[in-house]
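Here are my notes on this one, in the order I'd look at things with the viewer open.

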Amino acid sequence: MPHAESETVIERPIAEVFGFLADAENDPKWRSGVIEINRVSGSGVGARYRQGVKGPGGRRVDADIEVTQLEPDSLIGFRATSGPVRPTGRYRLESAGSATRVHFSLDAELSGLKKVMAPVVQKTMNSEVGQLENLKRVLEAGGS
């Protein structure tokens with residue numbers, strides 16, 4: 001099962017970082033692979049977003065998501081509801097003085113013929129969690 005995780009400390013208050021991450025429509029500001037994302041229903045746990053990401057050859061791939069966990073200032077969980085691979089992910093936040101430690105993890109369960117895709121999925125997931133440094137740059141520059 002492909003798994004990826006990364007962690008960074010962002011010099012911004014935890015409530016600000018949580019608020020930014022909790023609104024997935026902010027994702028294109030820091031996730032380079034997101035072409036577009038829009039909330040289509042709900043808020044909080046159960047909120048659904050239609051998302052298009054860059055796939056092979058730069059073509060658009062559906063990668064819609066649903067929020068599965070939401071604990072103010074500490075945890076955001078989500079799962080992909082469309083696309084060839086449907087990972088689950090989590091942002092865990094904790095206070096680090098006046099800063100915020102953010103831990104981002106992704107997991108994908110591949111079965112059947114999709115197991116052949118594991119190396120490509122792993123590479124993509126590693127790249128995705130590695131973009132936490134972009135989040136850090138955006139928020140520390142006042143991009144919320």
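1. The largest nonpolar core takes in 34 residues, and the ones with the most contacts inside it are L21, W30, Y91, F104 and L135. Keep in mind that this is a predicted model.

2. The structure has five aromatic pairs. One of them is W30 with F104: the ring centres are 6.3 Å apart and the planes sit at 65°, so this pair counts as edge-to-face. It ties together distant parts of the chain, with W30 in the loop between α1 (14-22) and β2 (34-41), F104 in strand β8 (residues 99-107), and 74 residues separating them. W30 is buried at 2% relative accessibility, and F104 is buried too, at 1%.

3. Now look at F78 and Y91, a tilted aromatic pair with 5.7 Å from centre to centre and 35° between the planes. F78 sits in strand β6 and Y91 in strand β7, 13 residues apart, and both are buried.

4. What does Y91 touch, leaving out residues up to four places away in sequence? The list is L21, W30, S74, L75, I76, F78, H103 and F104.

5. Strand β6 (residues 75-80) deserves a look of its own. Five of its six residues are buried, so the strand is largely enclosed by the rest of the structure. On one side, β6 pairs with strand β5 (residues 65-71) in the antiparallel sense over six bridges, and L70 stands opposite I76 there. These two strands make a hairpin with three residues between them, and D73 in the turn has a positive phi of about 60°. β6 also pairs antiparallel with strand β7 (residues 88-96), this time over five bridges; R79 has T88 as its bridge partner in β7.

6. Which residues of α1 are buried? They are V17, F18, F20 and L21. Viewed down the helix axis, they fall within an arc of 165°, so they line one face of α1. That face packs against β1 (3-10), β5, β6, β7, β8 and α3 (132-140).

7. I'd also check E128, in helix α2 (residues 118-130). Is E128 buried or exposed? Its relative accessible area is 16%, and the cut-off for buried is under 20%, so E128 counts as buried.

8. Finally, the overall picture. The chain has three helices and eight strands, in the order β-α-β-β-β-β-β-β-β-α-α along the sequence. Its C-alpha trace spans about 45 × 30 × 25 Å along the principal axes. The radius of gyration is 15 Å, which agrees with the value near 15 Å for a compact globule of 144 residues. Buried residues make up 40% of the chain. Of the contacts between residues at least 6 apart in sequence, 48% join residues at least 24 apart.

Definitions and conventions:
Residues numbered from 1 in each chain as written. Predicted model: local features only at pLDDT ≥ 70, side-chain atom pairs only at ≥ 80, totals over all residues. Heavy atoms only, no water. Buried < 20%, exposed > 50% of the residue type's maximum accessible area, 1.4 Å probe, protein only. Helix = DSSP H or I, 4+ residues; strand = E, 2+ residues; numbered from the N terminus. Pairing = 2+ DSSP bridges. Phe/Tyr/Trp six-rings, centres within 6.5 Å; stacked < 30°, edge-to-face > 60°. Core = buried A, V, L, I, M, F, W, Y, C linked by side-chain atoms within 4.5 Å. Contact = heavy atoms within 4.5 Å. Arc of directions from axis to C-beta. Rg over C-alpha atoms; globule rule 2.2 N^0.38 Å.
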